[in-house]
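Biologist: I am new to this one. Please show me the structure, and then I will ask how you reach each label.

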Amino acid sequence: MLLLFHNDSARQMAKDILKDIQVNTSIYFGTLAIVNICLGFAATVLTWLVGLPHPFLWGTLAAVLNFIPYLGAAIVIATLFVIGLMVFSALSQAVIAPLAYLGMTALEGQFITPTLIGHRLTINPFLVFLSIAWWSWMWGPVGAFLGVPILLCAMVAVRRLSSTGGENAGVHATAADGQAS
């Protein structure tokens, strides 16, 4: 990709942009992993308190599947409901774990993760939410997963290019003035 640029300053700017994108996406996925581990721990405690068998399995499943926005939580909720029906004789007992997990993932997905990502990467949490919503609508779960990294790439590129844009604009204006005379 760097070979596409004709001069060294353009190549250096591209390298800087790519390095910033790498750092920001690493921070994003690291923060997301920590949030998912915490959610997995909470799911372990929840399933243990409710009395479902193998609480560590449910916590691990919750942590791993939460990397798939919306669909991962739906799979865990459906699985908890089916297991609850098999373990408990009353429907009221079977729905406790799925409903509690739905509440936890709603809180995590709509407030905790966007706020933490926004603070760690100095992005408005509302932009994080909008990016996930937009790309989910465009590409489904894959778009939801890629929404924030796409937003990060765009923001890094805009920040870098706008910080050098004033200097480059002056050069282009001078060149245009020189050609006009």
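Modeller: Start with a cut-off: a residue is called buried under 20% relative accessible area, exposed over 50%, and partly exposed in between. Keep in mind that this is a predicted model.

Biologist: Which residues of helix 6 are buried?

Modeller: Val128, Ser131, Ile132, Trp135 and Ser136 are buried in helix 6.

Biologist: How do you know on which side of helix 6 they sit?

Modeller: They cover an arc of only 125° around the axis, so they lie on the same side of helix 6. A general rule fits here. An α-helix has 3.6 residues a turn, so residues three or four places apart point the same way.

Biologist: What does the face of helix 6 turned away from the buried side carry?

Modeller: That face carries Phe126 and Trp137, both exposed.

Biologist: What is the reach of helix 6, and what is expected?

Modeller: Helix 6 covers residues 125-139, which is 15 residues. From first C-alpha to last, helix 6 reaches 21 Å. The expected span is 1.5 Å times one less than the number of residues. That gives 21 Å, and the reach of helix 6 is close to it.

Biologist: What happens at the start of helix 6, and what comes just after helix 6?

Modeller: At the start, a side-chain oxygen of Asn124 comes to within 2.8 Å of the backbone nitrogen of Phe126. The cut-off for a polar contact is 3.5 Å, for a pair of N or O atoms. Just after helix 6, Gly140 has a positive phi of about 75°.

Biologist: What makes Phe145 partly exposed?

Modeller: Phe145 is also placed in helix 7, residues 141-180. Its relative accessible area is 30%, so Phe145 is partly exposed. How far is Phe145 from Ile34? They are 111 residues apart in sequence and 16 Å apart in space, C-alpha to C-alpha.

Biologist: Why is Leu85 called partly exposed?

Modeller: Leu85 has 41% relative accessibility, so Leu85 counts as partly exposed. Leu85 lies in helix 3.

Biologist: Which residues form the nonpolar patch on the surface?

Modeller: Phe81, Val82, Leu85, Met86, Val87 and Leu91 form the patch, with about 550 Å² of accessible area together. Helix 3, residues 71-87, gives the largest share, 5 residues.

Conventions:
Residues are numbered from 1 along each chain as its sequence is written. This is a predicted model: local features need pLDDT of at least 70, side-chain atom pairs count only at pLDDT 80 or more; totals for chains, interfaces and linings use all residues. Side-chain values use heavy atoms; hydrogens and water are left out. Helices (H or I, at least four residues) and strands (E, at least two) are DSSP runs, numbered from the N terminus. Buried means under 20% relative accessible area, exposed over 50%, partly exposed in between (1.4 Å probe, protein chains only). The arc is that of the directions from the helix axis to the C-beta atoms. A polar contact is a pair of N or O atoms within 3.5 Å; within protein, one must be able to donate a hydrogen and the other to accept it, and residues adjacent in sequence count only if both atoms are side-chain atoms. Patches are made of residues with over 30% relative accessible area and no salt bridge: like charges are joined within 9 Å, nonpolar side chains (Val, Leu, Ile, Met, Phe, Trp, Tyr) within 5 Å. Accessible areas come from the Shrake-Rupley method with a 1.4 Å probe; for residues, only the protein chains shown count as cover. A salt bridge is a side-chain nitrogen of Lys or Arg within 4 Å of a carboxyl oxygen of Asp or Glu.
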